[in-house]
Amino acid sequence: MTSAAESHWDPLWAGGRRYRRMTDTESALLAEHLGPGHGRPALDIGCGDGELARHLHHVLGYRTTGIDCSPSALALAADEDTGPRPGPTWQRLDFAADDLSQLPDGAYAVVTCRLVYRWMDDKPAFLDRVRSVLAPGGTFWVVAEVVGRRPESDPRAYLAITEAEAELLVSGWSVVRTADLDVLRCFALRP
Ligand SMILES: C[S@@+](CC[C@H](N)C(=O)[O-])C[C@H]1O[C@@H](n2cnc3c(N)ncnc32)[C@H](O)[C@@H]1O
């Protein structure tokens, strides 16, 4: 069945909408905060066309699953994966609504979520779901635009998470590290 998230996002991907690419600075922060994968499982939630998932898999060495509610995004992700085989696993899943037992692994050393948290309607429920799939000692890596970085008149100001949403995101973790990237903030969170 088509979820509300798929109905919203799939036409955007199918119509050619694309999102901000990772920079070398972002990749360096990722390596610094996550470290090498050594084949451990990673889950990229809302992977879109798969750039972060491919990076986790082919560069950092995680055995990565990229999930997205949009079949069009996943088709792009698979097409753009020209790295060595086997590449990341791509799976259609609405992370907010679907049964998470469909995921290939029960627990992930790394869970990532880039430019996705903003769009989760029920953020407490989303964070509970993330905790349920994160291995003890694992890292939850979030990249989100934060409020106040653009002039209020900027038509893209609505892309930012609010201060309250940022506080909710970082509450309840034993380790919270952050790094700023122009309008974005990266969060490395550990249970
Ligand atoms: C702004 S895009 C970011 C894509 C990618 N992470 C990136 O950094 O380019 C947000 C992505 O989240 C996906 N998404 C939104 N809600 C979702 C949900 N409930 N479950 C899975 N994916 C979702 C969308 O389909 C879209 O690909």
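R114 lies in strand 4 (residues 108-114); helices (H or I, at least four residues) and strands (E, at least two) are DSSP runs, numbered from the N terminus. The model is a predicted one, in which local features need pLDDT of at least 70 and side-chain atom pairs count only at pLDDT 80 or more, while totals for chains, interfaces and linings use all residues. Residues are numbered from 1 along each chain as its sequence is written.

R114 counts as buried because 24 C-beta neighbours lie inside 10 Å. The label buried requires 20 or more other C-beta atoms within 10 Å of a residue's own, exposed means 12 or fewer, and partly exposed falls in between, with C-beta atoms placed from the backbone. Leaving aside neighbours within four places in sequence, R114 is in contact with L52 and V143, where contact means C-beta atoms, placed from the backbone, within 7 Å. The C-alpha atoms of R114 and A166, which are 52 residues apart along the chain, are separated by 14 Å.

R114 is also among the closest residues to the ligand, together with W9, Y19, G46 and G48. The ligand is surrounded by 19 residues, a residue being near when its C-beta atom, placed from the backbone, lies within 6 Å. Helix 1 (4-14) and strand 2 (63-68) are the elements that give two or more residues to this shell. The classes of the shell residues are tabulated below; Ala, Val, Leu, Ile, Met, Phe, Trp, Tyr, Cys and Pro count as nonpolar, Asp, Glu, Lys and Arg as charged, and the others, Gly among them, as polar.

| Class in the ligand shell | Count |
|---|---|
| Nonpolar | 13 residues |
| Polar | 3 residues |

The largest nonpolar core has 47 residues, and V110, V111, Y117 and V142 have the most contacts inside it. Such a core is a set of buried Ala, Val, Leu, Ile, Met, Phe, Trp, Tyr and Cys residues joined through C-beta atoms within 7 Å.

The protein chain has 6 helices and 7 strands, in the sequence pattern α-α-β-α-β-α-β-β-α-β-α-β-β. Of its 191 residues, 37% count as buried. Among contacts between residues at least 6 apart in sequence, 67% join residues at least 24 apart. The C-alpha atoms fill a box of roughly 45 × 40 × 35 Å, taken along the principal axes.

Note on methods:
Contact = placed C-beta atoms within 7 Å.
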